[in-house]
Amino acid sequence: MSDILALALALFAGALLGVFFFGGLWWTVHKGVTSERPALWFLGSLLLRTGLILAGFYLVSQGHWSRLVVCLLGFLIARVIVVKRLTRTPPEEQTPMKKEITDAP
């Protein structure tokens with residue numbers, strides 16, 4: 001039973017790491033495009049986010065490959081959620097899709 005709890009905690013930790021990584025990436029892009037030194041923002045953010053994520057994966061796995069795989073799964077689930085939440089266009093900016101009418105031959 002403790003293995004299931006360890007895997008559940010690894011999944012949760014992976015999700016937190018994913019939210020940190022991809023949320024940080026979103027934040028970096030928004031700061032970087034308006035900055036006078038965007039390369040510094042992007043490089044600094046990449047090094048910081050990657051370093052913390054790798055350390056987090058190492059600490060969560062504790063030498064067990066199954067925990068590492070489940071942590072990575074949580075990381076990828078968080079990616080999907082963060083990308084869907086942060087990159088969608090607000091409803092007032094959406095334009096209705098235009099239907100193309102094609103004539104039958």
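Does Gly-14 count as buried or exposed, and at what relative accessibility? In this predicted model, Gly-14 has 0% relative accessibility, so the residue counts as buried. The cut-off for buried is under 20% relative accessible area. Gly-14 lies in helix H1. Beyond its neighbours within four places in sequence, Gly-14 is in contact with Cys-71, Gly-74 and Phe-75. Cys-71, Gly-74 and Phe-75 are themselves buried residues of helix H3. Arg-67, also buried in H3, lies 53 residues from Gly-14 in sequence. In space, the C-alpha atoms of Gly-14 and Arg-67 are 9.6 Å apart.

The overall fold can be stated briefly. The chain has three helices and zero strands. Along the sequence the pattern reads α-α-α. Of the 105 residues, 25% count as buried. Among contacts with a separation of 6 or more, 68% join residues 24 or more positions apart. The chain exposes about 8,500 Å². Carbon and sulfur atoms supply 69% of that area.

Helix H1 covers residues 2-32. Its 31 residues should span 45 Å at 1.5 Å a residue, and its end C-alpha atoms are 44 Å apart, which agrees. The buried residues of H1 include the glycines Gly-14, Gly-18, Gly-23, Gly-24 and Gly-32. Ala-6, Ala-10 and Ala-13 are also buried in H1, as are Leu-17, Phe-21, Phe-22 and Thr-28. These buried residues pack against H2 and H3.

Helix H2 covers residues 38-61. H2 has 24 residues and reaches 34 Å from its first C-alpha to its last. That length is close to the 34 Å expected at 1.5 Å a residue. Ser-45, Arg-49, Ile-53, Gly-56, Phe-57, Val-60 and Ser-61 are the buried residues of H2. Their cover includes H1 and H3. Gln-62 follows H2 and has a positive phi, near 50 degrees.

Helix H3 covers residues 65-86. Buried in H3 are Arg-67, Val-70, Cys-71, Gly-74, Phe-75, Ala-78 and Val-82. Seen down the helix axis, the buried residues fall within an arc of 150 degrees, so they line one face of H3. They pack against H1 and H2. Trp-65 and Lys-84 are exposed on the other side of H3.

The surface also carries a nonpolar patch. The patch has an area of about 710 Å². Leu-25, Trp-26, Trp-27, Val-29, Val-33, Trp-41, Phe-42 and Leu-86 make it up. H1 and H2 are the elements that give two or more residues to the patch. H1 gives the most, with four residues. Trp-26, one of the patch residues, is placed in H1. Its relative accessibility is 36%, so Trp-26 counts as partly exposed. The cut-offs behind this are 20% and 50%, with partly exposed in between.

Note on methods. Residues numbered from 1 in each chain as written. Predicted model: local features only at pLDDT ≥ 70, side-chain atom pairs only at ≥ 80, totals over all residues. Heavy atoms only, no water. Expected span 1.5 Å × (residues − 1). Buried < 20%, exposed > 50% of the residue type's maximum accessible area, 1.4 Å probe, protein only. Arc of directions from axis to C-beta. Contact = heavy atoms within 4.5 Å. Patch = residues over 30% accessible without salt bridge, like charges linked within 9 Å, V, L, I, M, F, W, Y side chains within 5 Å. Areas by Shrake-Rupley, 256 points an atom, 1.4 Å probe, with all protein chains shown as cover. Salt bridge = Lys/Arg side-chain N within 4 Å of Asp/Glu carboxyl O.
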